[in-house]
Amino acid sequence: MANRWVPVDFYGAPAYWFEIVTSIFGLDIFLSNMLLLWIAASSREIRTLPSNYFTINLAFGNTLVGSFYAFLQPFVLNYGDTSPVLCHICGFGNITFAMSFLFSPTLMAASRYYNVTRLPSSSGSNWFSSRAFFTKIGALSLLVAFWSYAILLPLFLLAIDQLGEDPSGFCGAKAFTSPLLYIIYIISLIIFALFNAVLTYIYFHRLSKFMAQYQRRPSDVSSTDTRSVMRLVAITAILPLICNSPTLLLSGGQWFIPDVMPMWLKRILVLPVFIPPMVGPWLTLLLLRPFKKRFNEKVMAKMWRRPTMTAGLIEPTPQPNDAVNVVQRPPVHRTTSVIVYDAAGRQRPPPHPLKATLSVP
């Protein structure tokens, strides 16, 4: 514990604002992605299609991100200075979930390409694509394989005691003192990111080319769904690269960038990392037809439900013993006082007060 190096202002009072902001963002991410998972679980149409598993996987990873920042981050920033294991756990999750953002768009693009260009039983389909993208077991096996690879890097960092307070202001990889470990860390991230970026571009380009050549009717349901998936893939692939750039620059460039920036400024610069998991579920509900349809049925229809009226004429209810419906009103009583004058024109009280009552029907 005595040799442990902690960045200045990483814990304590200077981190209270960061704790509040990340908790609010984390709770929003958790609830919105849980909504998407609930929509998917309640629809048989979504559950039975293997290609939807890759979209659900993205929401699952985002849900884990939100749970970490909403429920674990407050404990980390309050007690992590005396309990380093909290930052180790949080750093393990941050690196794993960041890598899940990279491979989810790749699997979505590949799945859509194979689904629209060939049938699972056609001669053009190879053994891998027929089982990985057209069966539930194949899709789940592919996801398990990618998650296992995403866990390898943080497991390696945990084994060499390199997880902890990241220079960027999050829990992740501690500042490296060994050039070899630093090179392994950077190369592992770069190779994984480039691998997924290249595959995503290849399948996206193939989809675009196929749509331009063979999809003659833009209003066709399959064409519309494919274009929606392409929009979602493009956004979910590009947005994390843009929003995570400050974090990758501060963490990956720690040996090249002088450490002169205060911690509060670093944390402001890395806040955009919350944007992709926040907007991801709403983009899915907006763009993908099965998810949008089920969302309208389960949520929007109940929120905006109004009483409906049956079309047609409404016949008046007949009144018994009445040919005409007459409104019966009680009589109105108006009271008038009588004033008496004498022969000289002076007013004098009458010997007996006189009042006239008129009944008006």
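## Overall make-up

The chain contains 12 helices and 6 strands, where helices (H or I, at least four residues) and strands (E, at least two) are DSSP runs numbered from the N terminus. This is a predicted model, in which local features need pLDDT of at least 70 and side-chain atom pairs count only at pLDDT 80 or more, while totals for chains, interfaces and linings use all residues. Residues are numbered from 1 along each chain as its sequence is written, and side-chain values use heavy atoms, with hydrogens and water left out.

Of the 361 residues in the chain, 42% are buried (under 20% relative accessible area, 1.4 Å probe, protein chains only).

Not counting residues up to four places away in sequence, Phe133 touches residues including Phe54, Leu107, Tyr114 and Phe128 (contact means heavy atoms within 4.5 Å).

## Helices H1 and H11

Helix H1 (residues 16-41) packs against helix H11 (residues 275-287) at an angle of about 25°, with the axes 8 Å apart. Axes are lines fitted to C-alpha atoms, for helices over the stretch in contact, and angles run from 0 to 180 degrees between N-to-C directions. H1 and H11 are therefore roughly parallel (angles under 35 degrees).

Among the residues that meet are Phe25 and Asp28 in H1 and Trp282 in H11.

Conventions:
Parallel < 35°, antiparallel > 145°, perpendicular 65-115°, else oblique. Buried < 20%, exposed > 50% of the residue type's maximum accessible area, 1.4 Å probe, protein only.
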